[in-house]
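Visitor: I'd like a close look at a single part of this one, please. Pick a spot and walk me through it.

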Amino acid sequence: MKDLSFNVPVVMKTEDELNETERALLAEAKQATYRSYAPYSNFSVGAAVLLADGTIVSGSNQENSAYPSGLCAERTALFYANSRYPDTAIDMLCCAARDVHGNFTLRPIAPCGSCRQVLLETETRFGRPIRVMLYGTEGIYFVDRATHLLPVYFDASYLK
C-alpha cells in the first residue's frame, strides 16, 4: 500500500490587498449574484471570468423546479465565455455568493465538482492555467490553477 498526499496551495487576501483587475472581477461576480434565479435555495451565486484579452463576462446560478435542470454560476459564465469568445483563453474565474439572508458569505465558496471538471476542461482546452478567486467577506482565496481544485481528476488522456 502507498499513501498519497495532495497539497493545494491557497493564498488568502483581503479586499484591500486586491489589485485593480482583481477588484473589477470581484465586483462583476458580486453584481452577478443579483441576477441569480434561486427561488428554491435562496443561495445566489455569481461568477465572473477574465479573458486573456481583458474582457470580463459573468454568469449567475439558475435554478429550476425540475432539479437538476438548473445550472451553476461558474458553468454559466464559462459556457458563455467559451461560446461568445471561443478562441480567447480564460485567465481567471471569480465566485461570490449571497446567503439565504441576502448577505455575502463570510467564508469563500468553492465551485461544485461539475464546475471544477468544466474548469479543468477549459484549462486543458487552452493549455494554460486558470487562476481561481473565491470570495468571502472574511477573506478571499486564490488558487493558481483549476487542477489544484480537483487534484485527482478525469481528463481526455484516459480516453486514449
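Guide: Accessible areas come from the Shrake-Rupley method with a 1.4 Å probe, and for residues only the protein chains shown count as cover. On that basis the protein chain has an accessible surface of about 9,000 Å², with 51% of it belonging to carbon and sulfur atoms. This is a predicted model, so local features need pLDDT of at least 70 and side-chain atom pairs pLDDT 80 or more, while totals for chains, interfaces and linings use all residues. Numbering starts from 1 along each chain as its sequence is written, and side-chain values use heavy atoms, leaving out hydrogens and water.

Now, the setting. Along the sequence they run β-α-β-β-α-β-α-β-β. Of the 160 residues, 42% are buried (under 20% relative accessible area; over 50% is exposed, in between is partly exposed; 1.4 Å probe, protein chains only).

Let's zoom in on Arg-98, which sits in strand 4, residues 90-98. What does Arg-98 touch, not counting residues up to four places away in sequence? Thr-33, Tyr-34, Asn-42, Phe-43, Ser-44, Asn-103 and Phe-104, where contact means heavy atoms within 4.5 Å.

Methods
Helices (H or I, at least four residues) and strands (E, at least two) are DSSP runs, numbered from the N terminus.
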